Every structure is written in C-alpha cells, then in structure tokens.
Amino acid sequence: MENVLSGIRPTGNLHLGNYFGAVTSFVRMQNDYNCYFFIADWHSLTTHPKPEDIQASTATILAEYLACGLDPAKSTIYNQSDVPEVLELYLYLNMNTYLGELERVTTFKEKARKQPDNVNAGLLTYPTLMASDILIHRALKVPVGKDQEQNMEMARKCARRFNNIYGVEFFPEPQSFHFAKDAVKIPGLDGSGKMGKSEGNCIYLKDDAKTIQKKVMKAVTDTGPTEPNSVKPDVIQNLFTFLEIVSTPETLQYFEEKWNDCSIRYGDLKKQLAQDIITYTEPIREKIDMYSSDKELLRRVAEEGAAKARESARKTLSEVRKIIGFKVY
C-alpha cells in the first residue's frame, strides 16, 4: 500500500474550504492508502507564535480532524514536533540544497515581500523542511494544491540529489496528488474565488450559528439581474455554489427561478443560506466540542500517532545514516 502524507499548519481553525477541498478527500483516502496526516507545528515557527497558541492550535486541529472523520485506527495522525527524526533529515537535505534554489522559490519571495522584517532562515529553508516531512516516510503521494507545486518539485530535487550524491536509489520521488477534478472549491464570502484564512473570508467549522449568520449576511452581492436568464457574475455565483453544497435541490431551484425572472431578493437568499450552513455544520461542530473537551483522548491519539510515525521515521533515518557514513543507533 502506497504511503501518502499531508500536513496542515496550526494557524487557526479549519474552514469550509479546508473541509470540502481536502479533509473529505483525506477521509476517503485513508481506506485505500497508508496515510500520514500531521500538524505542522514546526513550520508555524516562521511567524513566531506564542507557546500557548501553538498548544491550543494543535489540540484544536486534532479535534477537528477527528470530528471530520479521520480515524486513528486507519491513519497515522501526529504532531510534527513529536518526530525529531524529521529535523535530522532536514539537516542532511539542507547540506545538499543551494541558496540560489531556495531564494527562487515563489512562496519565499512572496513571504519576504509581505514580512520584510521577518525574513528568517526557517522561511528560506521551508521547502527542505517540507521535503523532510515527506521523505522521512518515503511517501509516494502528497495531496497538495497547485500553489505548493514548486515546493513539491524541491522535494523531488532533494530526493534525486541525495540518490545521485551517494549512488543509491533510496528515496522515491514524491508525486503531487491532486484531488478529483470534480472536487468542490469553496468560494470566499468577499466575492473572491477562494476561501482562505489570509483573505479573512472564511466560515470556520467551529463557528456558532450567530457568527455564521453574521458572516453570510455580509457576503458581497450586486444590484441584481436586469434581464431574465442572464449569466450570474462571480460574486453571485459564489452564493449559488454554497446553495448547491448545503441546501436542498428544491431550495436551489427556487432561487434559480427567482434569479432567472429577476425577482430575487438577496436578503432572503442569504437568510436561507445561513440557516442551511448552520444545519450542515452543526453535527461537525458538536463533534469538535466533544473531542476538544476530551483532553485525555487527544493526548492518547497524538502519542499513539507519534509512536507509529517515529517507527517509520527511524527506519528511514537509519538507512540514511548508513548511506552517508554515520553511525547507526
């Protein structure tokens, strides 16, 4: 069974974009692959979070993972920082990676532009830490978005260069695993094409009913259609995309008809959409609260996941040390 790896930084709650774009795919994948899902708490250090924020965020994401259906009996779920072998491999990969290569990575250049007062070494070597996360389990597939493709190419380059330097065929070249073409892409409430934390246009899985209603009622709209059966602009299509996902077919059809005959009232659409999102997310929210309150369960899941992840990591690192010429412990 092929190894698959994916991680998420503990920088806040999961939102509907995460849920429909990735997590539901993870839940399906765990039945067909040997999956490693980790919480990338080391990666978050590039932004210098407070210790209490790291602890709270990792616990929250773990609870959300479980609430969404990730099963510790089927997948290995762990905190990145609980697998120290990742850092040793990170060191070896950095020794074989050149400054110019890292400086040309688009995500580094964007981050450096956005935070010129915090262009740290961890930010520069982010791709090699990501490569270490992947190669430590010799993963063959990595579910990523297209924005991570350059980092994936760096991971493949790290694998190839290690193999070439030491004359081995040890590391496989990991391939990007893109979700099905028909995977649902959740739009932002601000009229943008993508829901994301940095854009501030999210509905989080943990949002309560009042918060969801407030956010949806502020969603961007226009002045309304002026001709029957006209094409919807993006900001309106975004709302209809939500309706397709969380509402009944009858509800969607009702508002389609209202749009087509130019009698649509956006206030009515938003009220209905808010209620349908609340209804859809309520079972998940209840599970998040349940798992979040069970600290012992979260501790046990994280520890058991770390033990399985370290077993895999130790095997890889022992071979790496042997190949390089270091003592194997």
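The legends below describe close-up views of a predicted model.

View 1. With a relative accessible area of 2%, His137 is buried, because the limit for a buried residue is under 20%. The side chain of His137 forms a polar contact of 2.8 Å with the side chain of Ser312. Apart from neighbours within four places in sequence, the residues in contact with His137 are Asn3, Leu5, Tyr36, Tyr78, Ala309, Ser312, Ala313 and Thr316.

**View 2. The surroundings of Gln80.** Gln80 belongs to the loop between β3 (76-79) and α3 (85-95). Its relative accessibility is 1%, and Gln80 therefore counts as buried. The side chain of Gln80 reaches the backbone nitrogen of Trp42 at 2.8 Å. When residues up to four places away in sequence are not counted, Gln80 touches Phe38, Ile39, Ala40, Asp41, Trp42, His43, Leu129 and Asp133. Between Gln80 and Ala59, the separation is 21 residues in sequence and 13 Å in space, taken from C-alpha to C-alpha.

View 3. In soluble globular proteins, nonpolar side chains tend to be buried together. The largest nonpolar core in this model comprises 55 residues, and Leu16, Tyr65, Phe240 and Ile277 have the most contacts inside it. Two or more residues of this core come from each of α1 (16-29), β2 (34-39), α2 (51-68), α9 (209-217), α10 (234-246), α11 (249-260), α12 (266-293) and α13 (295-324). The element that gives the most is α12, with eight residues. Leaving aside neighbours within four places in sequence, Ile277 is in contact with Leu16, Ile203, Ile212, Val216, Phe242 and Val246.

**View 4. The packing of α11 against α12.** The axes of α11 and α12 are 11 Å apart, and the two helices pack at an angle of about 165 degrees. Since angles over 145 degrees count as roughly antiparallel, α11 and α12 are therefore roughly antiparallel to each other. Their crossing is left-handed. On the α11 side, Thr251, Phe255 and Trp259 take part, and these residues meet Tyr266, Asp268, Leu269, Gln272 and Asp276 in α12.

**View 5. The packing of α3 against α13.** The axes of α3 and α13 cross at roughly 30 degrees and come within 9 Å. Angles under 35 degrees count as roughly parallel, and α3 and α13 are therefore roughly parallel to each other. The crossing in which α3 passes α13 is left-handed. From α3, the contact involves Glu85, Glu88, Leu89 and Tyr92, while α13 provides Arg310, Ala313, Arg314, Leu317, Val320, Arg321 and Ile324.

View 6. Asn229 is situated in the loop between α9 and α10. Its phi is near 55 degrees, a positive value in a residue other than glycine. Asn229 is exposed, with a relative accessible area of 58%. Cys262, in the loop between α11 and α12, has a phi near 65 degrees, which is likewise a positive value in a residue other than glycine. The relative accessibility of Cys262 is 28%, so this residue counts as partly exposed.

Note on methods. Residues numbered from 1 in each chain as written. Predicted model: local features only at pLDDT ≥ 70, side-chain atom pairs only at ≥ 80, totals over all residues. Heavy atoms only, no water. Buried < 20%, exposed > 50% of the residue type's maximum accessible area, 1.4 Å probe, protein only. Polar contact = N/O pair within 3.5 Å; in protein donor to acceptor, adjacent residues only side chain to side chain. Contact = heavy atoms within 4.5 Å. Core = buried A, V, L, I, M, F, W, Y, C linked by side-chain atoms within 4.5 Å. Helix = DSSP H or I, 4+ residues; strand = E, 2+ residues; numbered from the N terminus. Axes fitted to C-alpha atoms, helices over the stretch in contact; angles between N-to-C directions. Parallel < 35°, antiparallel > 145°, perpendicular 65-115°, else oblique. Left-handed = near helix turned anticlockwise from the far one by under 90°.
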